[in-house]
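Me: I'd like to go through this structure with you, starting with backbone angles and then moving to side chains. Can you take my questions as they come?

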Amino acid sequence: MAPRLLKKKHAKYFHMIIQLMPNAFPDAMRLTFLYFALSGLDLLDDLHEYLIEKREEAINWIYRLQVKGAGSRSGFESSTMIPKEIETDYHCGHLAMTYTGLCSLLILQDDLSQIDKESILEGMRACQNVDGSFMAMVTGCESDMRFVYCACCISAILDDWSGINKDKTIDYIVKSISYDGAIGQGPGLESHGGSTFCAVASLCLMNELHNVLSEEQLERLKRWCLLRQDGGFHGRPGKQSDSCYSFWIGATLKLLGVDNLSDQEENRAFVLDTQNTLVGGFGKYASEPPDPLHAYLGLCSLSLIGEPRLLEMHAALNISQRTYTHMLKVQEKWKKH
């Protein structure tokens, strides 16, 4: 019999992450960890107290990270260490921070009225490489499928795809399909559960999945994902199950419409075995301590398989359906103005 979900313990863990943020985590990770914590509390339906007491403070902190009117450097940055008064050249948007910043604002039920949409799109446009991939930052950085995904999420949230050359992005994704039918971080690289999710979710957000991939390609992709289960899920052949891949692979199966073909009870049992019964959160494995990423993605994976005490997820954007509904309302207001 699988353990039960320790909902209150997990809520306390995410509240602890937020309380520790000013001092315990590297400055470059704080916005990402805030997103994990806020979205985790959202899935647990435990945001009410935070929204009443801390909402305005959190929203203001996130907006402080927005680099506006800086041309190719625009977006959300990871650090608050450099004062805004200092030369703009020292501030630069980062695609992952822009994605998690926008998600966090939506989770907090913000209306995105302080977003400089055109600046964000300009900064994102400058991050796209000739081959269709994206750099994390325009100053020169790693380029792979993760940042393709971030760019597609940002475009979907802003309801504006003018910051992406879609044809080149789709070409990059197609060229990254490996011999085994799954997708790597780039052309010629090994298939991986995380990059496969990023690619499939990006195509779904662009409404291009079934236009781009043939039935044969889709079937091979489904098979590869289903073969990643051995209780929980692993990200590559020969690796052991890890709670985060119950999301990366589980969400991909959801987007492909075949999540019902996996053994959801086995997956649930594996993920619940990785939860920490003392402080809450989830680890990679049953023997590992919790960390913010696995705590959040472990919870997400349970939501995907319909854990009754969690809110439903929007798999492609990695937010709750409640937050996604709020996003649609914000976009509807934009259209009216």
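Me: Where is Gln109 found?
Reply: In this predicted model, Gln109 is in the loop that runs between helix H5 (95-107) and helix H6 (117-127). Its phi is positive, near 65 degrees, in a residue other than glycine, and most residues other than glycine have a negative phi.

Me: Is Gln109 buried or partly exposed?
Reply: Gln109 is partly exposed, its relative accessible area being 33%.

Me: And what about Asn318, what is its phi near?
Reply: Phi of Asn318 is near 60 degrees, again a positive value in a residue other than glycine. Asn318 sits in the loop between strand E5 (313-314) and strand E6 (319-320), and with a relative accessible area of 5% Asn318 is buried.

Me: Which residue follows H7, and what is its phi?
Reply: Asp159 comes after H7, and the phi of Asp159 is positive, near 55 degrees. Helix H7 itself covers residues 145-158, and its 14 residues reach 20 Å from the first C-alpha to the last, close to the 20 Å expected at 1.5 Å a residue.

Me: Why call H7 largely enclosed?
Reply: Because 13 of the 14 residues of H7 are buried, the helix is largely enclosed by the rest of the structure.

Me: Switching to salt bridges, how many are there?
Reply: The count comes to 11 salt bridges. One of them joins Lys175 to Asp171, with the closest N and O atoms 3.1 Å apart, and these two residues are four apart in helix H8 (residues 166-175), which means that about one helical turn separates them. Lys175 is exposed, at 53% relative accessible area, whereas Asp171 counts as partly exposed at 34%.

Me: Which pair links distant parts of the chain?
Reply: Glu190 and Arg236 form a salt bridge whose closest N and O atoms are 3.4 Å apart. That pair links distant parts of the chain, since Glu190 is in the loop between H8 and helix H9 (193-205) while Arg236 is in the loop between strand E4 (232-233) and H12, 46 residues apart. Glu190 is partly exposed at 48% relative accessible area, and Arg236 is partly exposed at 26%.

Me: What does Glu307 pair with?
Reply: The side chain of Glu307 meets that of Arg268 in a salt bridge, at 2.7 Å from N to O. Glu307 lies in the loop between helix H14 (292-304) and E5, and Arg268 is in helix H13 (residues 264-273), so this pair ties together parts 39 residues apart in sequence. Glu307 is buried, with a relative accessible area of 6%.

Me: Which residues are linked in a network?
Reply: Salt bridges link Asp42, Asp45 and Arg322 in a network.

Me: Now the rings, how many aromatic pairs are there?
Reply: There are 11 aromatic pairs by count. Phe247 and Trp248 make an edge-to-face pair, 5.3 Å centre to centre with 65 degrees between the planes, and both Phe247 and Trp248 are buried. The two belong to one aromatic cluster, whose members include Phe33, Tyr99 and Tyr296.

Me: Which charged ends sit over rings?
Reply: Among them, the charged end of Lys117 sits over the ring of Trp334, 4.1 Å from its centre, and that of Arg228 sits over the ring of Trp224, 4.7 Å from its centre.

Notes:
Residues are numbered from 1 along each chain as its sequence is written. This is a predicted model: local features need pLDDT of at least 70, side-chain atom pairs count only at pLDDT 80 or more; totals for chains, interfaces and linings use all residues. Side-chain values use heavy atoms; hydrogens and water are left out. Rings of Phe, Tyr and Trp (its six-membered ring) pair if their centres lie within 6.5 Å; planes under 30 degrees apart count as stacked, over 60 as edge-to-face and the rest as tilted. Buried means under 20% relative accessible area, exposed over 50%, partly exposed in between (1.4 Å probe, protein chains only). A charge sits over a ring if NZ of Lys or CZ of Arg is within 6 Å of the ring centre and within 35 degrees of the ring normal. The expected span of a helix is 1.5 Å times one less than its number of residues. A salt bridge is a side-chain nitrogen of Lys or Arg within 4 Å of a carboxyl oxygen of Asp or Glu.
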